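The entries below follow the order in which I went through them.

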Amino acid sequence: MAMTIHDARIAIGMLARGDNQHDVAAWFGENQARIVEASQGKFGTTEAAPAAELPPKGPPGIKGRRLHAFVEKAIKALEAGDSTSALQSLKDGMDRYNRSE
């Protein structure tokens, strides 16, 4: 998969923020060589995306597993007819996912 200019800007921004190179690569489903290439401008830019456009800091695998647990809880609540608890579980999951850890 070739990275787009938009992807490259996000990757460069994540690196500038201090994210681990392997976490950036995992976010895009790429290997670390693509991230190095992005930082070198090989995808058409060396400009970093603004902080407001960056995904949360931290390894996406751990974050994904945590979010999965919140989604499972929401599904159980929906199956029980409790949409209020389901919505709260999803909101809590997104809050936790968006923390910079």
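Predicted model: local features only at pLDDT ≥ 70, side-chain atom pairs only at ≥ 80, totals over all residues.

These notes cover helix packing, salt bridges, a surface patch and a few single residues.

**Entry 1. Helix 1 and helix 3.** I began with helix 1, residues 5-17, and helix 3, residues 32-39. Their axes come within 9 Å and cross at roughly 90 degrees. I therefore put helix 1 and helix 3 down as roughly perpendicular to each other. From helix 1, the contact is made by A8, A11, I12 and L15; from helix 3, I35, A38 and S39 take part.

**Entry 2. M3.** I then checked the segment before helix 1, where M3 lies. Is M3 buried or exposed? M3 is buried, at a relative accessible area of 6%. I listed its contacts, leaving aside neighbours within four places in sequence: A8, A11, F28, R34, I35, A38 and F43. M3 and I35 are 32 residues apart along the chain, and I read 9.1 Å between their C-alpha atoms.

**Entry 3. Helix 2.** Helix 2 spans residues 21-28. I found D23, V24, A25 and F28 to be its buried residues. They pack against helix 1, helix 3 and helix 4. F28 is also one of the contacts of M3. A26, in helix 2 as well, is partly exposed with 43% relative accessibility. Its C-alpha atom is separated by 6.9 Å from that of P60, 34 residues away along the chain. Just after helix 2, I noted a positive phi of about 70 degrees at G29.

**Entry 4. Helix 4 and helix 5.** Next I took helix 4, residues 60-79, with helix 5, residues 83-97. The axes come within 7 Å and cross at roughly 175 degrees. That angle is over 145 degrees, the cut-off for the antiparallel class, so helix 4 is roughly antiparallel to helix 5. On helix 4 the contact involves K63, G64, R66, L67, F70, V71, K73, A74, A77 and L78. On helix 5 I listed S83, S85, A86, S89, L90, D92, G93, M94, R96 and Y97.

**Entry 5. R66.** I looked at R66 of helix 4 separately. R66 is partly exposed, with 29% relative accessible area. Setting aside neighbours within four places in sequence, I found R66 in contact with R96 and E101. I also took the C-alpha separation between R66 and H22, which is 19 Å for residues 44 apart along the chain.

**Entry 6. Salt bridges.** How many salt bridges are there? I counted three.

- E47 pairs with R9, with 3.4 Å between the closest N and O atoms. E47 is in the loop between helix 3 and helix 4 and R9 is in helix 1, so this bridge ties together parts 38 residues apart in sequence. E47 is partly exposed at 46% relative accessibility, whereas R9 is buried at 18%.
- R17 pairs with D19, at 2.7 Å from N to O. R17 is partly exposed at 28% relative accessibility, and D19 is buried at 7%.
- E37 pairs with R34, the closest N and O atoms lying 2.9 Å apart. I noted that E37 and R34 are three residues apart in helix 3, which means a separation of about one helical turn. An α-helix has 3.6 residues a turn, so residues three or four places apart point the same way. E37 is partly exposed at 23% relative accessible area, and R34 is partly exposed at 22%. R34 is also among the contacts of M3.

**Entry 7. Surface patch.** Which residues form the nonpolar patch on the surface? I recorded V71, I75 and L90, with about 220 Å² of accessible area together. I75 sits in helix 4 and is partly exposed, at 43% relative accessible area.

Conventions. Residues numbered from 1 in each chain as written. Heavy atoms only, no water. Patch = residues over 30% accessible without salt bridge, like charges linked within 9 Å, V, L, I, M, F, W, Y side chains within 5 Å. Areas by Shrake-Rupley, 256 points an atom, 1.4 Å probe, with all protein chains shown as cover. Salt bridge = Lys/Arg side-chain N within 4 Å of Asp/Glu carboxyl O. Helix = DSSP H or I, 4+ residues; strand = E, 2+ residues; numbered from the N terminus. Buried < 20%, exposed > 50% of the residue type's maximum accessible area, 1.4 Å probe, protein only. Axes fitted to C-alpha atoms, helices over the stretch in contact; angles between N-to-C directions. Parallel < 35°, antiparallel > 145°, perpendicular 65-115°, else oblique. Contact = heavy atoms within 4.5 Å.
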